[in-house]
Amino acid sequence: MEAPEHPPARGTEAWSAFVQAQRQRIVEQLERYNNVDTAQEQLAERGDLTPYQRYKIGTVWHYLYRALAKINEGSYGRCDRCGEEIAHSRLLLVPAAVQCAECGRKEER
Ligand SMILES: [Zn+2]
């Protein structure tokens, strides 16, 4: 099930507009996680958070910030691991994707 829309060519105005829209989506996700972070602090003080929850929240933060850094660097949409372009359908699904699907799978192992 490949997304029908084709990606805008890099370096064009359409690409810049796409990246700006993605940036907005990432910022919105960060704002949601801001609330999670507050809850995390409270839970950590009481010791209610499992290590897995802590790990997961930390990982999401990491990727959201990394994706924003990539937008600033101009490397957004390129895999941090292999340097290949990340599939457009993947970026639409995961705006903060910093690795291609293949490298993402490798890291999960
Ligand atoms: Zn890759």
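Leaving aside its neighbours within four places in sequence, with which residues is C79 in contact? The model examined here is predicted, and local features were considered at pLDDT of at least 70, side-chain atom pairs only at pLDDT 80 or more, while totals for chains, interfaces and linings use all residues. Residues are numbered from 1 along each chain as its sequence is written.

The chain contains four helices and zero strands, in the order α-α-α-α along the sequence, where helices (H or I, at least four residues) and strands (E, at least two) are DSSP runs numbered from the N terminus. Of its 109 residues, 12% are buried, a residue being buried if 20 or more other C-beta atoms, placed from the backbone, lie within 10 Å of its own, exposed if 12 or fewer do, and partly exposed in between.

C79 is located in the loop between α2 (51-73) and α3, and it is classed as partly exposed because 19 other C-beta atoms lie within 10 Å. Beyond the neighbours within four places in sequence, C79 is in contact with E84, I86, Q99, C100 and C103, contact meaning that the C-beta atoms of two residues, placed from the backbone, lie within 7 Å. Between C79 and C103, which are 24 residues apart in sequence, the C-alpha to C-alpha distance is 7.9 Å.

S89 belongs to helix α3 (residues 88-93) and is likewise partly exposed, because 15 other C-beta atoms are found within 10 Å. Although S89 and H6 are separated by 83 residues in sequence, they are 8.6 Å apart in space, C-alpha to C-alpha.
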